[in-house]
Amino acid sequence: MKTLSNPTNSSTITGFILLGFPCPREGQILLFMFFFIVYLLTLMGNASIICAVRWDQKLHTPMYLLLANFSFLEIWYVTSTVPNMLANFLSDTKVISFSGCFLQFYFFFSLGSTECFFLAVMAFDRYLAICRPLHYSALMTGRLCNILVISCWVLGFLWFPVPIIIISQMSFCGSRIIDHFLCDPGPLLALTCKKDLLIELVFSILSPLPLIIPFLFIMGSYALVLIAVLKVPSASGKRKAFSTCGSHLAVVALFYGSVLVMYGSPTSEHEAGMQKLVTLFYSVLTPFLNPVIYSLRNKHMKTALKKILGEIKTWSSKKTLGN
């Protein structure tokens with residue numbers, strides 16, 4: 001792994017500077033407090049879904065098991081960026097080590113790819129539930145569900161090691177400043193001493209595939225769902241079918257809407273501030289909103305969460321009385 005070097009200076013640089021959101025010290029503290037609260041709420045919201053699925057026997061179905069795994073993924077996805085961002089708000093140097101930068105790069109993009117695969121698998125589950133309701137239990141077995149979950153994790157984490165290792169071996173010159181709050185490939189490649197068109201071409205081809213392939217699969221699944229729903233004679237049946245998919249469609253729209261804005265057009269077309277805002281939306285705010293979406297639109301999940309809260313209150317009351 002090569003260190004950064006400046007042709008006009010023999011000293012070596014062991015890290016990058018993440019500018020984040022430049023503003024006065026008071027503004028940095030306010031941003032720290034805001035994102036710290038968002039981070040805690042994100043952890044609590046996704047953890048509550050995992051606990052609800054774990055403790056409520058009625059939720060031990062493929063749909064909710066996939067949701068619990070998705071919430072577990074969201075916890076790690078937001079953790080790959082926010083803790084370092086919070087530390088930078090309070091830091092004067094805002095330096096991230098060379099190895100730390102590429103580790104964040106790897107985990108952020110691997111977890112993001114895993115999220116795309118999970119969204120595709122969840123769309124497939126909804127397709128089977130609506131289009132093949134009589135065969136759903138026989139098709140979506142516990143074994144198949146486990147295979148799909150493991151496949152999402154494996155595919156997500158095996159996609160980026162090679163391109164990231166190749167980029168990490170390149171030489172970086174001059175400025176070590178990255179005008180972002182995380183190690184993004186665009187700003188990193190801009191800091192290389194010599195442009196390698198082959199590496200950039202390989203990365204530009206490989207990196208969108210975990211985004212595009214699941215997206216096409218999701219669109220295909222919901223096209224078939226829409227056709228099936230339109231054939232349902234009763235209005236109540238159509239509403240029930242759409243409500244089954246509503247939460248997942250909302251999450252897909254939030255995630256893919258912002259990601260496609262970011263990566264659907266050349267990076268040069270986006271100002272640095274816009275890049276940071278869009279990345280912030282799909283990497284921080286979307287994991288924060290997902291538990292709210294799934295909880296508010298799903299009566300079974302709301303019932304399970306209320307049950308857990310009731311048990312916690314009962315336990316707290318007994319403990320208080322015991323003391």
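Mentor: On the H4 side, the contact consists of Phe 98, Phe 102, Phe 105 and Tyr 106, and these meet Pro 161, Ile 164, Ile 167 and Ser 168 of H7. Contact here means heavy atoms within 4.5 Å. Sorted by class, the residues that join H4 to H7 comprise 7 nonpolar, 1 polar and no charged. Nonpolar covers Ala, Val, Leu, Ile, Met, Phe, Trp, Tyr, Cys and Pro, charged covers Asp, Glu, Lys and Arg, and the others, Gly among them, are polar.

The model is predicted, so that local features need pLDDT of at least 70 and side-chain atom pairs count only at pLDDT 80 or more, while totals for chains, interfaces and linings use all residues. Residues are numbered from 1 along each chain as its sequence is written, and side-chain values use heavy atoms, with hydrogens and water left out.

Helix H4 spans residues 98-131 and helix H7 spans residues 161-168; their axes come within 10 Å and cross at roughly 155°. This angle makes H4 roughly antiparallel to H7. Axes are lines fitted to C-alpha atoms, for helices over the stretch in contact, with angles from 0 to 180 degrees between N-to-C directions. Angles under 35 degrees are called roughly parallel, over 145 roughly antiparallel, 65 to 115 roughly perpendicular, and the rest oblique.

Helix H4 also contains Ala 120, a residue that counts as buried at 8% relative accessibility. Buried means under 20% relative accessible area, exposed over 50%, and partly exposed in between (1.4 Å probe, protein chains only). Setting aside residues up to four places away in sequence, Ala 120 touches Pro 214, Phe 217 and Ile 218. The C-alpha atoms of Ala 120 and Ile 218 are separated by 5.2 Å, although the two residues stand 98 residues apart along the chain.

H2 packs with helix H6 (residues 142-158) at an angle of about 20°, and their axes are 10 Å apart. This makes H2 roughly parallel to H6. From H2, the contact draws on Pro 62, Leu 65, Leu 66, Asn 69, Phe 72 and Leu 73, and from H6 on Cys 145, Val 149 and Trp 153. The contact of H2 with H6 holds 8 nonpolar, 1 polar and no charged residues.

Helix H2 is also the place of Glu 74. Glu 74 is buried, because its relative accessible area is 0%. With residues up to four places away in sequence left out, Glu 74 touches Asn 46, Glu 115, Thr 286, Pro 287 and Asn 290. Gly 45 counts as buried, at 17% relative accessibility.

Thr 81 sits in the loop between helix H2 (62-79) and helix H3 (82-89). Its relative accessibility of 1% is why Thr 81 counts as buried. Beyond residues up to four places away in sequence, Thr 81 touches Gln 104, Phe 108, Leu 182 and Val 284. Lys 94 occupies the loop between H3 and strand S4 (95-97), and it too is buried, with a relative accessible area of 15%. Lys 94 has a positive phi of about 60° although it is not a glycine. Most residues other than glycine have a negative phi.

The UniProt record, an unreviewed entry, lists residues 29-52, 64-83, 103-124, 144-166, 211-230, 242-265 and 277-296 under "transmembrane region"; such annotations may be inferred rather than shown by experiment, feature names are shortened, and positions follow the numbering used here. Residues 29-52 are 100% helix and 0% strand, with end C-alpha atoms 34 Å apart. Residues 64-83 are 90% helix and 0% strand, and their end C-alpha atoms lie 28 Å apart.

For the protein as a whole, the secondary structure amounts to 13 helices and 6 strands; helices (H or I, at least four residues) and strands (E, at least two) are DSSP runs, numbered from the N terminus. Of the 323 residues in the protein, 43% are buried. Among contacts with a separation of 6 or more, 80% are between residues 24 or more positions apart.
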